[in-house]
Amino acid sequence: MKNLRFSAATLLLLLAGTTIPASAQSSFQDIAVRDGSARDIMAGRQARPRADTYYLMGLQAARKGEDLEALRAVETGLQIEPQSIKLRNLRAALWARTGRRNEAIEEFKRILATVPDDTYARESLRALLPRPTVAPVVKSQVRVPPRESAPTAPVKVATDVSPAQTASGAQAVAAQPVLDTGYFAQAKQKQRCEQVMASLKQAQDAYVKGHPDAKGKYDPKLLVDARLLSAVPVCPEGGSFDWSGDGPTCSKHGSFSTVQAEVKTVFSDFNRAMQAKLGRNYPEALKGFEQVVIAYPRWAEAHFQLGDTLFRTGEDSRAIDRLRTCLKLEPGNPDATLLLANLYFKTGHKETALKLLDSVSKKMPGTVYGLAARSIAGSIRSGRNYYQIFPPN
C-alpha cells in the first residue's frame, strides 16, 4: 500500500508541474470575489481572458505586498470590464495603500455615485476623509474587501500613527478566500493545458529562429514536420490552440501568460511541499502542506498529502484527522480511504478499517485500488497483525 500511495503522489506531482517556481503564500485577509465564486470564475466561459481573472491575479500580488504588480493586473482587468465594481474597489484600496489617497477618495466617491449601497466603498471613504480631531495622515493603508459577498467590515486607515507603526501595520493583511473542491479540479485541468502550451511555445520559438517569416503565425503541422513536436498539441478539455502576440492561446482556458499566472498562484507552495516529501524531507513537507491547507482549506488533495506526511512521521492521530477532512471534501477518494483504513487498523479499530476496505473493493472492483483493498481486508480477516501486513521499512 505504501507503494500505491507513492505512485499516486508521484503522479500528482507530475500533474502539478514540478518545474513551476515556488512563491511563498502570505497572510492576506479574506479576499472577495463578489460577482460569483472563484469556482464560477475558473469554470466559466474562457474563450478570452476575463476581468475576474485579473482580479484574482491582482489579489494574489496584493497578498504578497506587490502593490504595483497588483495595480497592473487591476488596470488590465478594467480594460476588459471598465465598470467592474470589485476591480475599482481593489484599485482604490491599492491607491490608498500606496499613498495615492486623494485619488482613492475620488474613486470611492465615483463608485458610490453608481452603487450607493456599496458598503465597502462607503466605509472606506469614511475612513479616508480628513478628520479635524486627528493628526495629519502619515500614510494610508486600506485592506481589500474581506469576504466573497458584499463586504461589511470597514477598511482600516492609519491616521494618527507614527511612521514606525505605519510600516508595521502595512504588513497586517487578511486571509485567502475560501475556494471549494471544484475550483482545484478545474485548476488542475488548466495546469495540464498550461504544460501543453509551454511545449507549444518552446517549439514555436525554436522554429521562428530559423524561419523569421513564421513569427506570429501558428501551424502545428510545420512544428511536427520540423520534429519540434511529436504530435499536434491537444488541450485536455478540448480547447483549440491559436497564437496571439508572443504566445499561444487556448479557446477553453485563455492565453498562456494568464493561465500560467493562475497555475502558479494555486500550485507553487503545493509543488514545493511535494518535492520535499518525495525527497523524504518530511519536516519541510509538513511545513509546506500546513501552509497550503491554511490558505486553501477546501483543497482535498492538500489535506490528503498532509495526512500522508503525518502518517510517515508517526503522527497517527493528526493524520487521521486530516484524512477524514479530505474525505469530507472529496467523499470516496481512494487514496485517502485506503490510508485511513491503514491507520484505523494500526490504532486498533479493526472493524472500521474493514468497513472502509470493503467499500473500496466494492466500488472499484478490478482496479488497483479495489484489488489492494480486497487483499488487505483478506489479510486482516485471516488474523495477521498490522506489522505482518505492513512491515516497517
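## Exercises on a predicted model

In this predicted model, an open sheet contains three strands in the order β1-β2-β3, and their pairing is antiparallel.

**Exercise 1.** Work out which strands are the edge strands of this sheet, and describe how β1 is joined to β2.

*Solution.* Begin with the order of the strands, β1-β2-β3. The edge strands are β1, residues 241–244, and β3, residues 254–255, since each of them pairs on one side only. Next, follow β1 to its partner: four bridges join β1 to β2, which spans residues 247–250, and the two strands run antiparallel. Among the paired positions, Trp243 has Pro248 of β2 as its bridge partner, while Ser244 stands opposite Gly247. Finally, look at the turn of this hairpin, where two residues lie between the strands and Gly245 takes a positive phi near 65°.

**Exercise 2.** Determine how many bridges join β2 to β3, and how many residues lie between these strands in their hairpin.

*Solution.* Two bridges join β2 to β3, and the strands again run antiparallel.

**Exercise 3.** Describe the crossing of helices α14 and α15, including its handedness, and then classify the residues that make the contact.

*Solution.* First take the geometry: the axes of α14 (residues 316–329) and α15 (residues 334–346) come within 10 Å and cross at roughly 145°, and this crossing is left-handed. Then list the contact, to which α14 contributes Asp316, Ala319, Ile320, Leu323, Arg324, Cys326 and Leu327, and α15 contributes Ala336, Thr337, Leu339, Leu340, Leu343, Tyr344 and Lys346. Sorted by type, the contact residues of α14 and α15 comprise 10 nonpolar, one polar and three charged.

**Exercise 4.** Identify which residues touch the most other members of the largest nonpolar core, and find the contacts of Trp299.

*Solution.* The largest nonpolar core has 65 residues, of which Phe241, Phe270, Trp299 and Leu357 touch the most other members. The helix that gives the most to this core is α11 (residues 256–278), with nine residues. Another core, of 27 residues, lies apart from the largest one, and its members include Ala70, Leu87, Ala93 and Leu125. As general background, nonpolar side chains tend to be buried together in soluble globular proteins.

How values were computed: Residues numbered from 1 in each chain as written. Predicted model: local features only at pLDDT ≥ 70, side-chain atom pairs only at ≥ 80, totals over all residues. Heavy atoms only, no water. Pairing = 2+ DSSP bridges. Axes fitted to C-alpha atoms, helices over the stretch in contact; angles between N-to-C directions. Left-handed = near helix turned anticlockwise from the far one by under 90°. Contact = heavy atoms within 4.5 Å. Nonpolar A, V, L, I, M, F, W, Y, C, P; charged D, E, K, R; others polar. Core = buried A, V, L, I, M, F, W, Y, C linked by side-chain atoms within 4.5 Å. Buried < 20%, exposed > 50% of the residue type's maximum accessible area, 1.4 Å probe, protein only. Lists of a residue's contacts leave out its neighbours within four places in sequence.
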